[in-house]
There are 2 protein chains.
Amino acid sequence: MVKLAKREEQIMQAFWSLGKAYIKEIIPELPDPKPHYNSVATMVKILEEKGFLDHETVGNIYNYYPKISREEYQKHAMKDIVSQYFNNSYPSMLAFFAKEEKISDTELDELVNLIKSNKK
Amino acid sequence: MVKLAKREEQIMQAFWSLGKAYIKEIIPELPDPKPHYNSVATMVKILEEKGFLDHETVGNIYNYYPKISREEYQKHAMKDIVSQYFNNSYPSMLAFFAKEEKISDTELDELVNLIKSNKK
DNA sequence: AAGCTAATACTAATGAATTAGTATTACAAC
DNA sequence: GTTGTAATACTAATTCATTAGTATTAGCTT
């Protein structure tokens, strides 16, 4: 899967939140300063060429929706990140967060349960 | 902290591995095709301007070393990632990995111990 | 000290991502 | 059916990242 550039990814995030949207609806989701409508339209078209979006035509306007799910993309993106920062080791990534104390004991217990139940 | 571009980050990764290095030593660490010596020198200079590297002069040549540690940078980079993909929730990121079953039971136990011992 | 070598400095060119203008189109309202 | 509106299409310009050329410099060798 192609890695998305920054702005492309912001736009995909907006679509993933909204599910289905007109370009008009995407713009408010983007961080300030808001880009020009046509800038977004261009990126959306590129995203469609890349296979990330598809559209239905409603009268005169296009209603776009994601063709690739956030989860699918995350899977690839995180794989890259783990390979880049953590030498391809998921445990060493988790150890990093452990050291950073970003996870509370309660959360930890919940996660352990979640992981174990997923394994069954 | 500034987010590094792809090549900049590759170069920083090389410095983080080597600790201290001449430009000459960085090049073999980079993925093929190896960039031109001067291309690397330019990026290294930019990285120095951005505060990621510093150097000592040894006779006629510069010996560069990281001013910002890999851990420091990771902390920021991962913060961005978690905010971007996981709505600022570290637990929800971990849940994602749990679902992906990237973590074995043994690894999980080790991590739980690691996290708990860090908390003391 | 003149010439050789290996480094850095400076800078122009390329390429990718992004922006936004102008042109075009389709439909709706009158 | 002409006009107005709001969308998309096309494309030129800008910006940022990256590359690599040429120029310069410092020190070593003779």
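Predicted model: local features only at pLDDT ≥ 70, side-chain atom pairs only at ≥ 80, totals over all residues.
**DNA strand D.** I listed the residues around DNA strand D and got 18, with A:Tyr37, B:Arg7, B:Asn38, B:Ser39 and B:Thr42 the closest. Which part of DNA strand D lies within 4 Å of the protein, sugar and phosphate or bases? I found that 64% of those atoms belong to sugar or phosphate, and the rest to bases.

I then went through individual polar pairs. On the phosphate side, a polar side-chain atom of A:Tyr62 sits 3.2 Å from a phosphate oxygen of DNA strand D. The side chain of B:Asn60 has an N or O atom 3.4 Å from a sugar or linking oxygen of DNA strand D. For the bases, an N or O atom in the side chain of B:Ser39 is 3.2 Å from a base nitrogen of DNA strand D.

By element, two or more residues of this surface come from each of helix H2 (23-26), helix H3 (37-49) and strand E2 (61-66) of chain A, and from each of helix H1 (6-18) and helix H3 (37-49) of chain B. H3(A) has the largest share, four residues. I sorted the surface near DNA strand D by class and got six nonpolar, seven polar and five charged residues.

**DNA strand C.** I repeated the search here. DNA strand C has 18 residues around it, and A:Arg7, A:Asn38, A:Ser39, A:Thr42 and B:Tyr37 come nearest. Of the atoms of DNA strand C within 4 Å of the protein, 63% are sugar and phosphate.

I found a base nitrogen of DNA strand C 2.7 Å from an N or O atom in the side chain of A:Thr42. From chain B, polar side-chain atoms of B:Lys24 and B:Tyr62 each lie 3.3 Å from a phosphate oxygen of DNA strand C. H3(B) gives the most to this surface, four residues.

**Helix packing between chains.** How are H4(A) and H5(B) oriented to each other? I read an angle of about 100 degrees between helix H4 (residues 70-86) of chain A and helix H5 (residues 90-100) of chain B, with the axes 12 Å apart. The two helices are therefore roughly perpendicular.

I listed the contact as A:Glu71, A:Gln74, A:Lys75, A:Met78 and A:Val82 in H4(A) against B:Met93, B:Phe96, B:Phe97 and B:Glu100 in H5(B). By class that is five nonpolar, one polar and three charged residues.

Note on methods
Residues numbered from 1 in each chain as written. Chains lettered and ligands numbered in written order. Heavy atoms only, no water. Near = heavy atom within 4 Å. Polar contact = N/O pair within 3.5 Å; in protein donor to acceptor, adjacent residues only side chain to side chain. Nonpolar A, V, L, I, M, F, W, Y, C, P; charged D, E, K, R; others polar. Axes fitted to C-alpha atoms, helices over the stretch in contact; angles between N-to-C directions. Parallel < 35°, antiparallel > 145°, perpendicular 65-115°, else oblique. Contact = heavy atoms within 4.5 Å.
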